[in-house]
2 protein chains.
Amino acid sequence: MRTIKSRSHDYTVEEHASSAAALAAVTRDVHPHFLVDRAVHDLLDPAVRASLPTDRLVLMEASEAAKSYGPLEPVFLDLLGRGLRRNGLLVVVGGGVLQDAGCFIASVLARGIRWELVPTTLLAQADSCIGSKSSINIGPYKNQIGTFYPPHRVLLVQDFLRTLPFDEIRSGLGEVIKLQLLSGEQGFEELMADLEGFATLGSVDRLPLLARWVQRSMDVKQPVIERDEFDRGERLLLNYGHTFGHAFESVTDFGIPHGIAVVLGMLAATSISARLGMVTEDQAGALARRLRPWHEPYAERLADIEMADLLAALARDKKNTAAGLTCILTRGFGRMERTSLSQEQVYSCVIPALSDLIHSEFGV
Amino acid sequence: MRTIKSRSHDYTVEEHASSAAALAAVTRDVHPHFLVDRAVHDLLDPAVRASLPTDRLVLMEASEAAKSYGPLEPVFLDLLGRGLRRNGLLVVVGGGVLQDAGCFIASVLARGIRWELVPTTLLAQADSCIGSKSSINIGPYKNQIGTFYPPHRVLLVQDFLRTLPFDEIRSGLGEVIKLQLLSGEQGFEELMADLEGFATLGSVDRLPLLARWVQRSMDVKQPVIERDEFDRGERLLLNYGHTFGHAFESVTDFGIPHGIAVVLGMLAATSISARLGMVTEDQAGALARRLRPWHEPYAERLADIEMADLLAALARDKKNTAAGLTCILTRGFGRMERTSLSQEQVYSCVIPALSDLIHSEFGV
């Protein structure tokens, strides 16, 4: 069990042996309300599903459209109609979308109620479940609404990862890789060694390995979010790979999963860094080869991208202006730097790097 | 100028000589967006109105219906469409409704942006502008959504009080009276002495007196909200008069203004306290006589209230259960106490006290 410090309230991250054990933990002494991903609900252990209190249970689709200001109103009303009030507890079960929705609801209901989170995807367990943030869409604006409001407890259950499609596991590992690249060479090498032959493991055999890297991911993220909860400095580096990654997601209409887009974004950043002499071309090429299992399955989808659309997506990013582009580059393992590139550097480094990525030519 | 401590960020309360001076202060070095009460906008000094940037200006109706989750979506979209983002500043100009809407918007836009508040009613200047809270309706649920997020600066301009209808001034004085009753006998007596003949003063002559009691009100409220920002203990006493007050507002469909309803609520609480032997009947009767200028103009509206409706409104209050009623009673000036009344005490004390109030018979 770890305890994470937050300006709002400290919170614990606990490992539980099963969803039944987690359910027993959240219902000890209290009668919580539940907000559950509908797809997760369908896959729940039938005994656990049967013991959820139907009069305090709200199911929700886990889609981008659902985690939007307007579509969340009926969810608020449903929870209020089922009696959730100031002294209540909301237990949220699901991946990133449910976490965003649950965090936002809990943070503004009665100016903040208790909530606990059972993250059910690798992305949510390894990365998003700690750090306090919610991101909610409003109208055409992505992630422009949100709050900093951590759960009062996070309950990790390995078994939820057993039923995830391999695509989602691979995507989740993208953020795991990012955190180890940020931590330094040793963590990254240990992760790569552990992931050797990972794709051939069965869904049960993977679990201990994933659980270990969930914890190793938190080991990297926890001190950063504790020192900079509100994203003013150091924490911004956790967005490594995200400037370009978001553009890849956007331009493929989310056809490239988030963690894979982050891997592509990190390769873009490394390639740009090489063109600027911050790392060697050999280093950039070696990284692209080692991360091949993450980008190769998406080569066809990448080949369909038009460079003009990718640049337009980058231009829509609020951090980028006509004068240039702000992104995180690297001087090697654990040495990432927030950098502003001039329009000239966009032409001489960014566009060639992205073009190579689209055409799966990683030779910088 | 005073500085108020908050868990989010400390903030200042400044007095400015005119709306033009306040506008100059908020636009120094920055290009803020403005969220302004439409009615206030119509009454603004024409030169000030002309210098507001129309491309960054959003007007809003100040109604209960407008400060609701759904109706706020177009306001968010309008502000986003006019370019308000993470590094922006939102200046909010208006009374309580605008403050609630502006506070909520600023607190969840990009997980919290800078905002500054120009309160334009006596209620907002003397009471609500400090204390961090927003209260937003959702569907049929009143004030169930909200945040704690103080403005980064409060700018007081006396002149806004000049154009307020006398009804609103009188209502605002209701909260001023409440704060002095909470502070003790001396503050209350000084206030009563100052208010002698107040109704006969012209709208300009009132201003220095009102400005003084705005400051005296903050003197009482500031230490309480600094010690208990999140309403866990001591701050709850600032709700003196509000349990019954809300019922009077609700049952008259807001036909009794908020501050007057609070006065009536305090008289109810005092009368109940007398029936429980916490104060003498003489003390309760004397207070009712001294506050006659506040309740007498509403005698007709009070006479129309059905006791059954008033009790139903109390029962809808989330703090009250079938077992009884939680309210703040008094042992005299500055000695208020949060008390749970049994169902029997509701019959023997609360109902007779409310019945006397409805019939304007203050003899307890």
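1. Between chain B and chain A the count of salt bridges is zero, a salt bridge being a side-chain nitrogen of Lys or Arg within 4 Å of a carboxyl oxygen of Asp or Glu. The model is predicted, with local features needing pLDDT of at least 70 and side-chain atom pairs counting only at pLDDT 80 or more, whereas totals for chains, interfaces and linings use all residues. Residues are numbered from 1 along each chain as its sequence is written, chains are lettered from A in the order in which they are written, and side-chain values use heavy atoms, with hydrogens and water left out.

2. The elements giving two or more residues to the side of chain B that touches chain A are α4 (69–81), α5 (96–108) and β8 (141–145) of chain B, where helices (H or I, at least four residues) and strands (E, at least two) are DSSP runs numbered from the N terminus. Of these, α4(B) gives the most, with eight residues.

3. In contact terms (heavy atoms within 4.5 Å), 33 residues of chain B meet 33 residues of chain A. The two chains bury about 2900 Å² between them, 56% of it on carbon and sulfur atoms; this is the accessible area (1.4 Å probe) lost on putting the two parts together, summed over both.

4. Over all chains the structure holds zero disulfides, that is, pairs of cysteine sulfur atoms within 2.5 Å. A:Cys327 is in none, and the nearest cysteine sulfur, that of A:Cys349, is 10 Å away. B:Cys103 is likewise in no disulfide, with the sulfur of B:Cys129 nearest at 12 Å.
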